[in-house]
Amino acid sequence: MELQLDDDHLVTRAKAGRLDAFEELVRRHRTTVYRVALRMLGDEGEAEDATQEAFVHASRGLAGFRSDARFSTWIHRIVTNRCLNLLRARRPAVPLPEVEVAAPPARAPERVVEVNWQLDDLKQAIDQLTPEQRAPLVLHDLEGHHYDEIAAMLDISVAAVKSRLHRARLGLLDAMRQWR
């Protein structure tokens, strides 16, 4: 039976030059890192590039990683910053990817159409958020990270995370008021 090492031990081994340790870190975290990038960028190709660039950046900067944060927080910070830079460079934002939604009961086909319209409007509203508002919304409401983790990822205070998240939600509420 093979012993499963935690991220801290893998980071220590990777710093010592063990390529297999860094490869294991990539394997463990690439799916969540890609998902964050995809939700922020809305484009699969850009998300793949941002994910790869984040891990390349991490491998080059691993010697400077102080381990005062978890590796997962650090790699999410790297990919989030990469995505924010890409979003700022390409305003207006690209729409979010399509999301599959379970259809309501067959007896209500008009409800299916209404739900699809609501989702389209919600995606457009999220696309209109500033990158600074979109990042905390994606990281908290879609990825489930805690405020302190998001603060570390974005290098801002917890109060700033809460403020940006609040402004993002207010913007979404305003954009979706016709559906209330």
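A quick word on what we are looking at. This is a predicted model, where local features need pLDDT of at least 70 and side-chain atom pairs count only at pLDDT 80 or more, while totals for chains, interfaces and linings use all residues. Residues are numbered from 1 along each chain as its sequence is written, and side-chain values use heavy atoms, with hydrogens and water left out.

Let's start with Arg39 and Glu143. Their side chains meet in a salt bridge, 2.7 Å from N to O. Where do Arg39 and Glu143 lie? Arg39 is in helix H2 (residues 19-41), and Glu143 is in the loop between helix H6 (131-142) and helix H7 (147-154), so this pair ties together parts that are 104 residues apart in sequence. When I say helix, I mean a DSSP run of H or I with at least four residues, numbered from the N terminus.

Are these two partners buried or exposed? Here buried means under 20% relative accessible area, exposed means over 50%, and partly exposed is in between, using a 1.4 Å probe and protein chains only. Arg39 is partly exposed at 26%, whereas Glu143 is buried at 14%.

Next, please find Arg82 and Glu53. These side chains also form a salt bridge, at 2.3 Å from N to O. Arg82 belongs to helix H4 (residues 71-89) and Glu53 to helix H3 (residues 44-61), so the pair ties together parts that are 29 residues apart in sequence. Arg82 has 29% relative accessibility and counts as partly exposed; Glu53, at 35%, is partly exposed too.

Another salt bridge joins the side chains of Asp20 and Arg18, at 2.8 Å from N to O. Asp20 is partly exposed at 40% relative accessibility, and Arg18 is partly exposed at 39%. There is also a network of salt bridges, which links Asp7, Glu24, Arg27 and Arg28.

Asp7 brings us to helix H1, residues 7-15. Which residues of H1 are buried? They are Asp7, Leu10, Val11 and Ala14. These residues cover an arc of only 100° around the axis, which puts them on the same side of H1; the arc is that of the directions from the helix axis to the C-beta atoms. Here is a handy rule: an α-helix has 3.6 residues a turn, so residues three or four places apart point the same way. The buried residues of H1 pack against H2 and H4, where contact means heavy atoms within 4.5 Å. After H1 comes Gly17, with a positive phi near 95°.

Now for the rings. The structure holds three aromatic pairs. Rings of Phe, Tyr and Trp (its six-membered ring) pair if their centres lie within 6.5 Å; planes under 30 degrees apart count as stacked, over 60 as edge-to-face and the rest as tilted. For Phe65 and Phe71, the ring centres are 6.3 Å apart and the planes are at 90°, so the pair is edge-to-face. Phe65 is buried at 5% relative accessibility, and Phe71 is buried at 1%. Ring pairs link Phe65, Phe71 and Trp74 into a cluster.

One last stop: Asp174, in helix H8 (residues 158-175). Asp174 is partly exposed, with 46% relative accessibility. The C-alpha atoms of Asp174 and Ala125 are separated by 9.0 Å, and these residues are 49 apart along the chain.

Notes: Helices (H or I, at least four residues) and strands (E, at least two) are DSSP runs, numbered from the N terminus. A salt bridge is a side-chain nitrogen of Lys or Arg within 4 Å of a carboxyl oxygen of Asp or Glu.
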